[in-house]
Amino acid sequence: MRTEKEQTEDHRPRSGAGTTVSVLLSRGTTLGELVEAELDEPRDDEVVVRVEAVGICHTDLLARKRLGSRTAVLGHEGCGIVERLGPGAEGLSVGDRVVIAFASCGECAPCRSGFPGYCARSTVLNGSGRRQDGSPTLRVGGEPVFGSFFGQSSFATAVLARARSCVPVGDLPPEVAAPLGCGFLTGAGAVLNVLRPRPGQRLLVAGAGGVGAAAALAALSEGVEVVVAEPVEARRALLAAYGATAVASLDEPIPPVTHALDTTGRPEVIARALSLLRPRGALALVGLGPAELPLDVRSLTMRGLRLIGSVEGDAEPGVFIPELIRRHRDDLLPLDRLVTTYPLDAVERAVADQRAGLTLKAVLLPRA
Ligand SMILES: [Zn+2]
Ligand SMILES: [Zn+2]
């Protein structure tokens with residue numbers, strides 16, 4: 001066990017050679033073993049953030065699968081304290097607690113119109129493993145490894161992120177703030193930005209993991225009637241306690257709904273959700289499943305249904321995250337009830353618990 005002072009000193013720059021940090025280096029099917037890595041110096045509008053908490057999102061697991069045998073540092077729901085500023089970093093101060101959202105360029109048409117989730121450079125910035133110019137941000141044993149995941153790679157004690165992706169969260173506890181960077185943003189955004197049900201209307205949420213549960217709570221905070229279909233009993237009980245009607249599956253009797261949200265990506269769930277919509281109803285899709293889906297186009301057309309895809313809740317993080325924090329502070333959005341914390345090196349147990357339904361949203365604490 002190292003002291004706080006030794007840990008702080010880890011993140012001081014060493015002459016010209018970046019900063020030494022601990023990272024979860026993942027390979028194959030494992031999400032990581034703790035190793036020392038060297039974080040590059042902050043360039044331009046980048047900042048160094050000392051990670052206090054980082055959520056585990058389904059996309060981390062999908063990315064691990066996709067990367068095959070490549071070593072990588074994943075993690076994309078980081079929250080922590082700004083420790084150093086690059087020469088062009090604006091709008092942040094050393095000492096600010098920030099949540100780090102996905103990366104976006106800020107210059108393309110979607111970014112300029114307030115929809116950075118559809119950034120033209122999203123694939124490079126979030127999934128290439130490097131900066132936009134191709135330079136690596138993380139090295140292990142002197143060799144570059146896949147980093148900059150979602151502009152962060154926050155399964156680590158410190159990360160480089162662009163200032164425009166960092167949203168100050170004040171004194172919100174880091175384990176509650178971290179999932180606002182992706183999972184909670186996606187779920188709450190799908191309801192408040194995309195579907196926009198009105199009070200008294202009825203929303204069906206298929207799947208109540210971190211995304212679905214945040215969606216359900218956001219809808220309840222608007223006075224919307226919510227039906228949740230979720231196999232895990234504890235998740236049903238949690239959302240029922242806040243006023244949702246909770247069923248184990250879509251095979252149970254469910255009254256017609258005006259809106260639906262699918263977080264599962266499963267074709268049979270999507271088809272069933274569509275069948276439950278009232279005429280002119282809307283279904284939003286946020287789960288990534290098979291690329292293709294059989295669709296009854298005739299029924300869709302004749303009933304005037306809308307089918308809407310959505311990434312990161314169609315949110316502008318700098319605007320939407322403060323709005324979610326305001327609702328949380330006003331006791332409208334009890335997101336803290338969704339979170340269970342684990343030490344950083346307990347990542348495999350956290351994933352297993354999340355899969356088994358023992359944990360709704362697992363958040364790792366690098367300092368625990
Ligand atoms: Zn862009
Ligand atoms: Zn995510």
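Analyst: Start with burial. A residue is buried if 20 or more other C-beta atoms lie within 10 Å of its own, exposed if 12 or fewer, and partly exposed in between, with C-beta atoms placed from the backbone. Strands (E, at least two residues) and helices (H or I, at least four) are DSSP runs, numbered from the N terminus. Now the case here: in strand β3 (residues 46-55), 10 of the 10 residues are buried, so the strand is largely enclosed by the rest of the structure.

User: What kind of model is this, and how are its parts numbered?

Analyst: This is a predicted model, in which local features need pLDDT of at least 70, side-chain atom pairs count only at pLDDT 80 or more, and totals for chains, interfaces and linings use all residues. Residues are numbered from 1 along each chain as its sequence is written, while chains are lettered from A and ligands numbered from 1 in the order in which they are written.

User: Which strands does β3 pair with?

Analyst: Two strands pair if DSSP finds at least two bridges between them. β3 runs antiparallel to strand β8 (residues 158-162), joined by five bridges. Here Val 47 stands opposite Ala 161, and Arg 50 stands opposite Ala 158. With strand β4 (residues 78-85), β3 makes seven bridges, also antiparallel. Ala 53 faces Cys 79 in that strand. Strand β17 (residues 361-365) is joined to β3 by two bridges, again antiparallel. There, Gly 55 stands opposite Val 363.

User: Which way do the residues of β8 point?

Analyst: In a regular strand the side chains alternate between the two faces of the sheet. In β8, Ala 158, Leu 160 and Arg 162 point one way, and Val 159 and Ala 161 the other way. All of them are buried. With five of its five residues buried, β8 is largely enclosed by the rest of the structure.

User: Is Pro 343 buried or partly exposed?

Analyst: Pro 343 counts as partly exposed, with 14 C-beta neighbours inside 10 Å. Pro 343 lies in strand β16 (residues 339-343). Pro 343 and Ala 53 are 290 residues apart in sequence, but 9.3 Å apart in space, C-alpha to C-alpha.

User: How is the chain divided into domains?

Analyst: Domain bounds come from an automatic or database domain assignment. Here the assignment gives domain 1 (4-181 + 334-365) and domain 2 (186-311). Their C-alpha centres lie 29 Å apart. Contact has its own cut-off: two residues are in contact if their C-beta atoms, placed from the backbone, lie within 7 Å. By that test, 11 residues of domain 1 touch 12 residues of domain 2.

User: What does Ala 216 touch?

Analyst: Leave out residues up to four places away in sequence. Ala 216 then touches Val 205, Ala 208, Val 226, Val 228, Leu 239 and Ala 244.

User: How do I read the six-stranded open sheet?

Analyst: The order is β12-β11-β10-β13-β14-β15, with parallel pairing. The edge strands, β12 (245-247) and β15 (306-309), each pair on one side only. Axes are lines fitted to C-alpha atoms, for helices over the stretch in contact, and angles run from 0 to 180 degrees between N-to-C directions. The twist averages 15° from one strand to the next. Helix α7 packs on the sheet, touching β10 (202-206), β11 (225-229) and β13. The direction of α7 makes about 165° with that of β11. Strands β13 (residues 257-262) and β14 (residues 277-285) pair over five bridges. Leu 261 stands opposite Ala 284 in β14.
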